[in-house]
Amino acid sequence: MDTCEVEGEAETLVRRFSVSCEQLELEPKIQQSALSTYHRLDADGGLSTSEGDAQEWLCCAVYSELQRLKMRDIREESNNEANDSAAKNSCWNMSLTRLLRSFKVNVSQFLRRMEHWNWLTQNENTFQLEVEDLRRRLGITLTLLRHYKHIFRSLFVQPDKDADPDALNHYQALYEFGWLLFLVIRNELPGFATTNLINGCQVLVCTMDLLFVNALEVPQSVVIRREFSGVPRKWDTKDFNPTLLNKYSALEALGELIPELPVKGVMQMKNAFFHKALMLLYMDHSLVGDDTHMREIVKEGMLDINLANLNRKYTNHVADISEMDERVLLSVQGTMETKEDSQISPLPAFRKSSSLSHKKLFSQDLPETLPSSIIKAIQNAEGGDEIVKYVDQILQEMNLTFSIAAEDFLDAEVLGKRFRQAKGLYYKFLQKILVPELTQKPQLKIGQLIKQRTLTAALLACCLELALYVYDKLVEGLRFPFVLHCFSLDAYDFQKILELVVRYDHGFLGRELIKHLDVVEETCLDSLIFRKSSQLWWDLRQSLPRYKEVDAETEGKENFSTGSAICLRKFYGLANRRLLLLCKSLCLVDSFPHIWHLAEHSFTLEGGRLLRNRQLDQLLLCAIHLHVRLEKLHLTFSMIIQHYRRQPHAQRRVYREVSVGNGQTADIITFYNSVYVQSMGHYGRHLDCAQARKSLQESHSNFGILKESTHNELSLRANISISSPPPPRVCQSSSCSSLPLPSPGASPLSSQSSPNIKRAASSSELREVKRPNILRRRQLSVI
């Protein structure tokens with residue numbers, strides 16, 4: 001091999017290594033140190049024999065660097081040095097699974113490589129113990145997973161592939177929820193639950209008992225296996241009294257599925273440890289339902305809510321380089337089996353789903369060209385043939401753009417397949433959207449409509465997003481908003497297309513994909529449409545109306561309602577829902593009208609200045625904290641953020657990376673002190689809302705004063721949300737007011753009688769929630 005080939009391979013290796021590190025957001029010095037160690041060992045003994053080997057060794061190098069940083073931080077914490085540190089490294093706050101996925105390394109191969117790497121680098125004993133611990137825990141978990149699948153299939157029956165899609169989705173959700181619930185509860189228990197197979201089996205059986213009885217609360221559920229001996233008598237009849245399930249247990253019947261596991265030991269585990277761990281999940285709102293009987297966590301839509309809550313909690317737990325994300329183990333075999341194939345499949349369970357929506361999406365029945373009805377309508381217009389060629393040209397350009405943008409994530413063959421799927425969906429939805437319009441408006445100039453590049457690009461991007469979500473949602477680099485960056489699309493224009501796709505879908509995509517589009521739309525509404533370059537600001541002429549004004553415009557002017565008003569009404573609806581969820585969690589529902597006025601004013605202030613380049617949740621959190629400071633309530637910013645982190649839409653960057661101007665970012669407390677209070681202080685101090693006063697007076701007469709409640713009382717009270725009163729309506733009273741701003745020479749914070757609404761503490765308070773409690777399960781001997 002000549003020198004040029006060697007140098008070319010080295011450049012390719014470094015480039016791929018850099019791409020993997022960028023996905024992990026690793027600091028340059030960590031990358032350089034890992035790469036330097038790899039090159040040193042490779043020069044001494046020749047580590048690599050192929051490109052795949054090099055990736056595995058580089059993965060080991062990065063893992064070692066992150067472990068070294070983690071051990072350093074733990075030592076500093078033990079010496080009380082970390083609290084005084086201005087900046088702390090959090091690069092190791094990622095799961096080992098994420099690292100392996102980025103480098104495309106199998107966990108078994110990684111463990112074998114790490115043993116050799118530790119010997120070559122003469123790492124300290126702690127490194128070797130970590131690898132041995134990982135291997136042992138993985139072996140135990142895989143054994144427990146086999147028991148889980150056996151028990152699950154004994155309790156539940158998979159609906160036929162032609163059954164109701166909702167039944168198939170319910171079966172899939174139960175399968176994922178049961179395993180996730182077991183993992184979360186096991187992590188709440190002492191270390192013996194993860195290091196001892198017998199104790200792990202006991203926790204698993206307790207979890208399956210809880211899951212099964214809660215699933216029985218769904219009347220006449222088709223996924224319950226009727227022949228299982230644990231099904232109560234007359235359960236499937238109208239004579240069955242559902243309240244009997246409150247104290248029902250199927251542990252005896254479950255014990256028959258694992259004969260070698262004594263039921264007595266399972267009962268002891270349930271009474272001594274399991275029940276307490278379950279109560280903790282209810283108290284911190286990770287589980288929502290009837291916490292008296294441990295029920296109502298599955299029925300009436302609660303399954304989706306609790307699945308999202310537990311996923312978020314577990315994600316926080318495994319944000320540690322020593323932790324494996326054991327959720328992915330469930331995807332190795334998948335839930336959906338056929339008579340022809342029950343072998344282990346390497347594909348995630350989602351891909352094996354036989355739901356109607358995915359069958360339609362993946363089938364070969366999607367059109368390969370413009371539908372004939374569209375072509376006919378185009379050809380009736382002037383220059384029809386040129387319009388068809390123009391559309392084909394745009395699609396070819398987008399195909400090339402996508403192939404270049406995604407070449408680091410998928411190979412060329414897969415890229416071509418994804419784009420063909422997206423193009424087929426594009427033709428399908430173009431027909432679903434335009435044919436009804438042509439029927440209602442025969443004079444519609446369809447040629448001019450299709451020639452709008454934004455329409456074609458946005459609709460194709462939406463279809464590509466669906467194809468990527470179905471097949472490649474585990475590839476972080478391809479997750480939304482990748483399609484926006486790929487095609488240089490404006491989020492404001494993109495969300496208009498989402499509205500049309502959902503409106504004209506009529507059941508084609510199915511429930512799960514529509515839910516994904518809802519999540520994508522929320523991402524657009526909560527931040528992307530407020531980027532400084534967004535087309536929204538031009539449509540609004542650099543001003544943002546209040547909710548009452550948007551509502552009036554939508555009801556009174558049809559032409560306005562088809563544009564920015566629909567977008568803003570959705571934005572205000574999203575803001576209302578998220579603020580209400582936070583207020584419920586913090587026991588501030590009675591203060592909702594007052595907090596809403598603060599939030600709404602922050603949206604509209606100076607034409608939306610505070611919203612530009614920021615995220616909706618950032619202003620909601622600041623509005624809540626401003627209210628807390630004004631009312632002198634005993635709620636710290638740290639507590640508010642902890643409650644925010646339990647929300648389904650919570651993101652770490654919301655409170656860690658807030659724009660403070662001039663391209664600089666800081667944490668949310670710095671933003672609150674330096675920007676938010678300066679803009680909102682005067683308005684907040686002089687805000688008067690009659691609805692808020694009345695609500696608080698009624699609350700104080702019934703429940704006492706909030707600021708005298710303990711944190712545990714707040715948590716317990718907030719968790720009882722199933723039979724809560726109707727949510728407060730957005731206050732639109734014209735009598736609510738605030739004094740006008742003082743003259744420019746006066747300080748907005750000069751009133752001596754006003755409460756201290758600015759934070760006295762520094763942003764170090766946020767460090768309390770920076771990392772999960774990684775030391776609960778085991779202590780590393782690193783001191």
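Predicted model: local features only at pLDDT ≥ 70, side-chain atom pairs only at ≥ 80, totals over all residues.
Local features need pLDDT of at least 70 and side-chain atom pairs count only at pLDDT 80 or more, while totals for chains, interfaces and linings use all residues. Residues are numbered from 1 along each chain as its sequence is written, and side-chain values use heavy atoms, without hydrogens and water.

**Whole chain**

The protein chain has 33 helices and two strands. These are DSSP runs numbered from the N terminus: helices are H or I with at least four residues, strands are E with at least two. Buried means under 20% relative accessible area, exposed over 50%, partly exposed in between (1.4 Å probe, protein chains only). Contact means heavy atoms within 4.5 Å.

| Property of the protein chain | Value |
|---|---|
| Buried share of the 783 residues | 53% |

Among contacts between residues at least 6 apart in sequence, 76% join residues at least 24 apart.

**Nonpolar cores**

A nonpolar core is a set of buried Ala, Val, Leu, Ile, Met, Phe, Trp, Tyr and Cys residues joined through side-chain atoms within 4.5 Å. The largest holds 125 residues; Phe-402, Phe-494, Phe-603 and Tyr-676 touch the most other members. Helix H19 (residues 453–472) gives the most to this core, 14 residues. A second, separate core has 106 residues, including Val-203 and Tyr-282.

**Asp-365**

Asp-365 sits in the loop between helix H14 (356–362) and helix H15 (372–379). Its relative accessible area is 70%, so Asp-365 is exposed. Its C-alpha atom is 8.7 Å from that of Gly-424, 59 residues apart along the chain.
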